[in-house]
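Visitor: I am new to this one. Please show me how to read it, feature by feature.

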Amino acid sequence: MGTLSNRARQMIADGRRRDGLSYAESWQRVARALPGDFGLPESESCAISALCNRLQVERGGSFEENWNLAQAQVYLNGRSQPSPDALLMNRSFSPSADGWLELLKTGEFPIAGGPVQVIDDQALRAMLAAFDRDQAQPNFPGLLLDYDHQSYDAAKSSEAAGWINDLRVAGDTLLARPDWTSSGEAAIAGGLFRLVSPTFRADQVEKLGNNRVRPLRLDSVALTNSPNMRGLAPLSR
């Protein structure tokens, strides 16, 4: 996603406070007037507006929902001329009503060229305890939920899809309840991402021998469509 200039930020704020616009409406107005201030090619800003308008006509729904879907399609797919048909077909995707998602289930999960990750009850309890310790620290922002682990690549965006501030163990499953960002929420609702993938640091595991390790702390989570750990419930139906 592009970086907003101070001028664009101020105009968005003015649109909301002075003119009573929603964030999406104010964002759209400024994007049309100042596409260069979003750190984006003008074609991408125009593509978002055009796709949003078409979605309004063809699928109905709220302006804000369609704007977020269009924004997610352009940014996440990296296209300046996205195809709206995929969004139109995916308009029925619905996340879980209570907001909780399956993050991990017990089992053993081999990594290509690496160790076997052992996720047992001890691992789930250790990760929950580590999360509780992190959460107790001042200014804890939440556990990052990014896109396809891109935050580990300095050449790519570390943009958040959401922040996890609730974690619990239920039977053989570690559950998380994220606070979604606007683009993350749109990505789920539009069916662009349907699965998650947790990440563990190599220095935060217990070595069990025979090339097996027990993760003890979650480092981050990613939205993805190709996780290493299979069998989790999809984010949307």
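This is a predicted model: local features need pLDDT of at least 70, side-chain atom pairs count only at pLDDT 80 or more; totals for chains, interfaces and linings use all residues.

Visitor: In what sense do strand 8 and strand 9 pair?

Guide: Strands of a sheet pair through backbone hydrogen bonds, parallel or antiparallel. Helices (H or I, at least four residues) and strands (E, at least two) are DSSP runs, numbered from the N terminus. Two strands pair if DSSP finds at least two bridges between them. Strand 8 (residues 205-209) is antiparallel to strand 9, with four bridges. Two residues lie between the strands of this hairpin, and Asn-210 there has a positive phi near 55°. Strand 9 (residues 212-215) also pairs with strand 3 (residues 116-119), in the parallel sense over two bridges. There, Gln-117 has Val-213 as its bridge partner.

Visitor: In what order do six strands form an open sheet?

Guide: The order is 1-6-5-4-10-7, and the pairing is mixed. Strand 1 (101-105) and strand 7 (195-199) are the edges, each pairing on one side only. On average, neighbouring strands are turned by 35° against each other, direction ignored. Axes are lines fitted to C-alpha atoms, for helices over the stretch in contact; angles run from 0 to 180 degrees between N-to-C directions.

Visitor: Which strands does helix 6 touch?

Guide: Contact means heavy atoms within 4.5 Å. Helix 6 (residues 121-135) packs on the sheet and touches strand 1, strand 4 (143-147), strand 5 (162-170) and strand 6 (173-180). Its direction makes about 140° with that of strand 5. Helix 7 (residues 182-189) packs on the sheet too, touching strand 4, strand 6 and strand 10, at about 120° to the direction of strand 6.

Visitor: Is Ser-183 buried or exposed?

Guide: Buried means under 20% relative accessible area, exposed over 50%, partly exposed in between (1.4 Å probe, protein chains only). Ser-183, in helix 7, has a relative accessible area of 5%, so Ser-183 is buried. Its side chain makes a polar contact with the side chain of Glu-159, at 2.8 Å. A polar contact is a pair of N or O atoms within 3.5 Å; within protein, one must be able to donate a hydrogen and the other to accept it, and residues adjacent in sequence count only if both atoms are side-chain atoms.

Visitor: How many residues has the largest nonpolar core?

Guide: In soluble globular proteins, nonpolar side chains tend to be buried together. A nonpolar core is a set of buried Ala, Val, Leu, Ile, Met, Phe, Trp, Tyr and Cys residues joined through side-chain atoms within 4.5 Å. The largest here has 31 residues, and Leu-218 is among those with the most contacts inside it. Helix 6 gives the largest share, five residues.

Visitor: How many aromatic pairs does the structure hold?

Guide: Two. Rings of Phe, Tyr and Trp (its six-membered ring) pair if their centres lie within 6.5 Å; planes under 30 degrees apart count as stacked, over 60 as edge-to-face and the rest as tilted. Phe-131 and Phe-140 are edge-to-face, because their planes are at 80°, with centres 5.8 Å apart. Tyr-147 and Phe-193 are tilted, with 5.6 Å between centres and 45° between planes. Tyr-147 lies in strand 4 and Phe-193 in the loop between helix 7 and strand 7, so this pair ties together parts 46 residues apart in sequence.

Definitions and conventions. Residues are numbered from 1 along each chain as its sequence is written. Side-chain values use heavy atoms; hydrogens and water are left out.
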